[in-house]
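Visitor: I am new to this structure. Please show me how to read it, feature by feature.

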Amino acid sequence: MFAKIGKNAMSRPNPNRPSLTLSARLNQISAYQWILLSQLLIVAFHVKNLPIWLSVYAFFIIIFQLQPLRRWLPNALYRPRSLQLIQYTGFIASLVGLYLTYRTAFGLDVGIAFLLLCAVSKLLELHTRRDGYVVLSLSLFVLAGLLLINQDLMTTLQVAIGTMVVLFAMIAQNDDGTGRYRTLGLLVGQAIPLTIILFLFFPRLPPLWSVHLSGAQAKTGMSDSMSPGDFANLSQSTELAFRVEFGNQQPSQQNLYWRGLVFSDFDGTTWRANPRISLWTPDQPIADWLLPTSKLSKRFTLAVIPDYRVILEQTGQNWLFGLDYPITNQKGIGLTSDFTLRYWDTVNQRFTYQVHWLDDAPINLALSTQQRQVNLALPAGGNPQSRQFAQRLYHQAGDDPIAYTNAIAQWMRSQQFRYTLSPPTLGSNRIDDFLFATRAGFCEHYASSFTYLMRAAGVPARVVAGYQGGQLGRDGKSWEVRQMDAHAWSEIWVQGRGWVRVDPTGFVAPNRVEQGMDTVTQDAGAKMFGEGVAGQISYQQFQMLQQARRLFDQASYYWQRDVVGYDQDRQRSSLFKWLNIQSVYQQVMVMFVTLVSVLALLGLWLWWRRRRVWDRHDWIMVQLSNRLAKKDQTLARQDSEGVLAWLTRLEPKVTDKAAIQALAALYRQIRYQQPTDNKQPMRQLDNLAKTIALKKSH
């Protein structure tokens, strides 16, 4: 079947033939080509989840089956034995490759890769319609695997498109092209209401199992270290980092510091988190380092009342983000001694959590000897000018950390420091080069240099990485924080106050803190992205993508909140409250009755669409035939019998031949002459039909 259709598809186009519409062109695509197209889409959707070598192999097998390539390559390659050799060799080699890639035979990602390998390998033996159905059925399982990995709006759209193409390919195997769209529309039209009912009413059970991906996952956003240039790259991206829904209390823009990581170790180039930190979870007794904060904070309570909810995008990391300072009692989330949130697992899909904001909390009022050493440590050598400058300025400030901070701020403002996304390259003494030569950089340059100056003067200091600011969503309620809002600031330890936040970026670019990165970018324009043509191009690309991404992110937010986030609590508080459902039994019964009702309506609609519709004068004849058939079945009009011939056959059987002849003449006149709006002939026809009676022998 497939070979014959494929051969016909290779006929040369006629240049004199009129151009076809898109629908007609799609109808000309053979069933074999639709199968290849469906596999091509499915592999493309899974590229980010597959090893590169498997994606290349899958694309090769699909392209190898295309008819233009069949004409160009030797026929010997497409003989059954050659195809079997390619199939078996490729399948066995791919199995070995899967094991070497994932180092396991179990897991979600290796399972999906194996199913896709089976579907692609089956393409090499498409000989019958059954083979086509096997490939397409496997494809539906492979598509469903996308939703096991991610449930965002883009993935859902991909699955929907892929499913439509697979169904169309199935229909194409039994349809000549005239009714494909009608059949597909009928299938989808029946599935949509049933899907909505199951979504609304089916019991939302908590997950009984969880799936972990064994392969390396892509990580988005900031990493667990910081070097100059990292945050500048992030700030040229409009990709959504997370979304926040505030309750009654919404902080001002300048207080939106989303704390994520604390960097205490510095090797002269890169800042990293110190591994010797402790973790506290709400199910444990209050830790020693948290006890002073809990006593002094008026808002601290273990029965946390969330102030806001965070919807975090996939990061592939386990750290979460919260306002200075966060605390939560959500299961699976802990608080480090640096007052950052940690999840028990990596965030491999969109994750929602609720947080309480300790805006009045002092942290770490007492600093241990070990903590002091960690937050004063500097490389043994390098940056001599910065060390001398720090010690001199600190003594001039009276050895007071706060006065010293103000002195550094005043000095930076007087030296014309610049805030830019494309700073000059720094040498081996990065701090010296930035402070006394280039004086142009992004937030990590300022945070790193300020922290270095503090430590060089003997003041414990560290770098905090996260996000600052954000933008109100298009709905006017949620707050969007994007990668462009990535930020780094400093914390210094002050006797009697604990750790105090200092944002040195605000010394030279206060609008970055007060108005957000989006406003800064709009005001500065292309200058933020560098000089010359390259800077102009980067800025234009940023502007074009920004609006489109925000619209899609808003739609994704509603999808996550109202569809993916439709859990048992929301089901119970909204739908069940409205329908007064009190138990699972009532819930199942409502779902069952609704499903049966919808199926009945669909069946009634199909019957109504397919019922036999009679013309008014023909319906009069049908009624006459049914009446006579009750007395003698042989007098009923047969399906292959014309009305006039049937009336002629009735003449010997009726009491009044003139009446049956008049009925035939009137029917001929109404049926085959020019139609009019006059209803009088139709009434005469009905009256004549009612007078027809059989002889007594019948």
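Guide: Arginine 259 and glutamate 491 form a salt bridge, with their closest N and O atoms 2.6 Å apart. A salt bridge here is a side-chain nitrogen of Lys or Arg within 4 Å of a carboxyl oxygen of Asp or Glu. This pair links distant parts of the chain: arginine 259 in strand S3 (residues 257-263) and glutamate 491 in strand S18 (residues 486-494), 232 residues apart.

Visitor: What kind of model is this, and how are residues numbered?

Guide: The model is predicted: local features need pLDDT of at least 70, side-chain atom pairs count only at pLDDT 80 or more, and totals for chains, interfaces and linings use all residues. Residues are numbered from 1 along each chain as its sequence is written, and side-chain values use heavy atoms, leaving out hydrogens and water.

Visitor: Are arginine 259 and glutamate 491 buried or exposed?

Guide: Start with the cut-offs. Buried means under 20% relative accessible area, exposed over 50%, and partly exposed in between (1.4 Å probe, protein chains only). Arginine 259 is buried, and glutamate 491 is too. Across the protein chain, 46% of the 698 residues are buried.

Visitor: How many salt bridges does the rule give?

Guide: The count comes to 14. One of them joins the side chains of arginine 243 and glutamate 480, at 3.0 Å from N to O. Arginine 243 sits in strand S2 (residues 240-246) and glutamate 480 in strand S17 (residues 478-482), so this pair ties together parts that are 237 residues apart in sequence. Both arginine 243 and glutamate 480 are buried.

Visitor: Where do lysine 690 and aspartate 686 lie?

Guide: Both lie in helix H27 (residues 680-691), four residues apart, about one turn of the helix. Lysine 690 and aspartate 686 form a salt bridge, with the closest N and O atoms 3.5 Å apart. Lysine 690 counts as exposed, at 58% relative accessibility. Aspartate 686 is partly exposed, with a relative accessible area of 23%. Elsewhere, salt bridges that share partners join Arg259, Asp324, Asp338, Arg462, Glu491 and Arg501 into one network.

Visitor: Now the sheet. Which strands does S3 pair with?

Guide: Two strands pair if DSSP finds at least two bridges between them. S3 and strand S15 (residues 461-468) run antiparallel, joined by six bridges. Phenylalanine 263 has valine 463 as its bridge partner in S15. S3 also pairs with strand S8 (residues 322-323), in the antiparallel sense, over two bridges. There, arginine 259 is partnered by glycine 322, and tryptophan 258 stands opposite leucine 323.

Visitor: What is the order of the open sheet?

Guide: The five strands run S8-S3-S15-S18-S19, with antiparallel pairing. S8 and strand S19 (498-502) are the edge strands, each pairing on one side only. Helix H15 (residues 401-414) packs on the sheet and touches S18 and S19; the direction of H15 makes about 145 degrees with that of S18. H17 packs on the sheet too, touching S15, S18 and S19, at about 15 degrees to the direction of S18. As for S3, seven of its seven residues are buried, so this strand is largely enclosed by the rest of the structure.

Visitor: At what angle do H16 and H17 pack?

Guide: Axes are lines fitted to C-alpha atoms, for helices over the stretch in contact, and angles run from 0 to 180 degrees between N-to-C directions. Helix H16 (residues 430-438) and helix H17 (residues 443-456) pack at about 105 degrees, with their axes 10 Å apart. Angles under 35 degrees count as roughly parallel, over 145 as roughly antiparallel, 65 to 115 as roughly perpendicular and the rest as oblique. H16 and H17 are therefore roughly perpendicular to each other.

Visitor: Which residues of H16 meet H17?

Guide: Contact means heavy atoms within 4.5 Å. Ile431, Phe434 and Leu435 in H16 meet residues of H17, among them Tyr446 and Leu453.

Visitor: Where is phenylalanine 417?

Guide: Phenylalanine 417 is in the loop between H15 and strand S13 (418-419). With a relative accessible area of 8%, phenylalanine 417 is buried. Leaving aside neighbours within four places in sequence, its contacts include Phe434, Leu435 and Tyr446.
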